Every structure is written in C-alpha cells, then in structure tokens.
Amino acid sequence: MEGRQGLTCGRMRVDRRDDGQSKHQPSSARQMRASGGLSQWPQSALDPVGGHTRVVACQSQGRVAPLPGRAAGRCCLLALHTLVPVSSISVLSLHGVRVLGHATARQVGELYGLDPGDVQENLLDAEARGLARRPAYTDGSGWSMTDLGRRQGEQMLSDDLDAHGTRQNVVDGHGRFLPLNERLGPLMTRWQLRPTDDDPLVLNDHLDAGYDRAILRELDRLVAELGNVMAVLAAEVPRFGVHQPRMDAALAQAWDGDHRWVDSPEVAAVNLVWIQLHEDFLATLGITRGTEF
C-alpha cells in the first residue's frame, strides 16, 4: 500500500498515514461524543493480503474517523480488526448466527466483515446438512441454528482452539469476564427501575438525568474494564474482537441521550451485545448457560 506504513498491536496491523497519524485512534465514548458522536458507523476499507483480509483504514464521509477504544495508548478494536483466514468463513458464518441468536446473512457479514453473499452460500450449505434453518426461503429471512448445528459448531470451535493452541487464552478471558458479568445485571436493574419508598418496582421514566448519568458512569467503567479483557483475548483469538467496538458504540449513543442503546432489544444495545459476547464464550468453550459458577 503506497504511502502507508504499518505497525502491529498484538496481532492487529494498524496502518499509519504519511503524516504519522494513526488511521484509527483510541477514544472513549465521551471523546466520541465530543468529536461528533456516532451517527454512522464507519466502514472498514479492506485490502486482501495473501488469502487474508487486513484492515487498512476506517473512513466516514471521506475522512478518517475515530473508532471506539477504551484506554489511551491501546489500539482500538475494529468490527473486522485483524487477519481472518479465508478457510474460516464457513465457521464464522454459522457461528455468527449463534452469536446473534437469529440473523440474516447481511447481519452476520456485518459482524465479521464478510461478504453477505459468501455468508448466504455457507448458510445454505449448512441448511442442507441440517445445521441451520430459516422460516422463509427468501434472501432477507433470518437464520437460526438447529440443535445439531449448535453441537457441530461447538466442535468446530473446539477443534480450532486446539489447532491454534488458544484454548487457555479463551479460558482465561472467560474467567476474567465472569466477575464483570455479575456486575452487569444489577446495573441493568437500576437502569430499568426507579424504586420509591412505596414501590420498589417503579419503572425508570428517565426524567432524573442525574440518576441516569450516575448509572452510565458505572456502566462506562464496567465496559472499560471489559475492554482490557477483550484486548488481550482478541490479540490471540481475533474473532472475539468484534464485540467491544459494538459495545462502545452503543454506550456512546446512550451518552448522547438515546436510552434505547443501554438495554433495548430493538438495537445493538450494550446489554444485547454483552449477551452475545457471553454466548460467544459459551459456544467456544462448550459450556451450557447457567452452569459456569
């Protein structure tokens, strides 16, 4: 790539421009708001390198746009933030459906930076083998996994960990995730409820900005701590790097005043993306939900 020089963060290649500025720089949710918020998620410009895909830039409206990172001096994670072997597209296509719960090929493609057409072809193959299903035979219909697909998907992920010697990395990451996970539930409850002396189950009407900001500050710290865990894990198991930027983006939207991005199931809210990350751990390690403790 003429006019660019690269540096390495873990196993992520981050390109710099001739002026020495990084193509994407760490910024907190608040910094993102100060720089214009996140009205449109920047698209990754991809460069095929030897059968792999490498992020070389992230641009929005013709300019380099900051992506969400959680700590100064740490490379931010991208939607597709490192090398993805072409041979793994079939695995990611099926795994993406499990992580998202119910998803179209386009949504899986957006999650992992894959071509939706390639994802659809792989899911059609999975359907023929009884691993995935969809309610309607149209291009825009969502996919879900069968029980057989879940079992086979877990086996493929397990084989991948053993082949690359990264099982302990995921085990360690999961172990660091669990205490953070315990803190999320109470935060979500406080966000959703605004107890009174007479009724502890009164819904939060979000009219008390101070009350909401206090919870957002705690959520900001929790997501930042998670970012440290994910940065270490994603350096060894790249596909885990897709969750943190989505969570950071949701938190930025919440700070901008759109309360849906904390816990609404209608958008990729912090709570939903957190659940999807949890599912990623469970599927990768073959753990049944609720049996971790």
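Helices (H or I, at least four residues) and strands (E, at least two) are DSSP runs, numbered from the N terminus. The model shown is predicted, so local features require pLDDT of at least 70 and side-chain atom pairs pLDDT 80 or more, whereas totals for chains, interfaces and linings use all residues. Residues are numbered from 1 along each chain as its sequence is written, and side-chain values use heavy atoms, with hydrogens and water left out.

**Figure 1. Overview of the chain, with ten helices and seven strands.** Of the 293 residues, 48% are buried (under 20% relative accessible area, with exposed over 50% and partly exposed in between; 1.4 Å probe, protein chains only). Contacts (heavy atoms within 4.5 Å) between residues at least 6 apart in sequence join residues at least 24 apart in 61% of cases. The accessible surface (Shrake-Rupley method, 1.4 Å probe) comes to about 14100 Å², and carbon and sulfur atoms account for 50% of this area.

**Figure 2. Helix α3, residues 105-112, and its buried residues.** Ala105, Val108, Gly109, Leu111 and Tyr112 are buried. Viewed down the axis of α3, these residues fall within an arc of 160 degrees and therefore line one face of the helix; the arc is that of the directions from the helix axis to the C-beta atoms. Their packing partners are α2 (89-100), α4 (116-128), α8 (243-255) and α10 (270-285).

**Figure 3. Gly113, the residue that follows α3.** The phi of Gly113 is positive, near 70 degrees.

Figure 4. Leaving aside residues up to four places away in sequence, Asn122 touches Ile89, Ser90 and Ser93.
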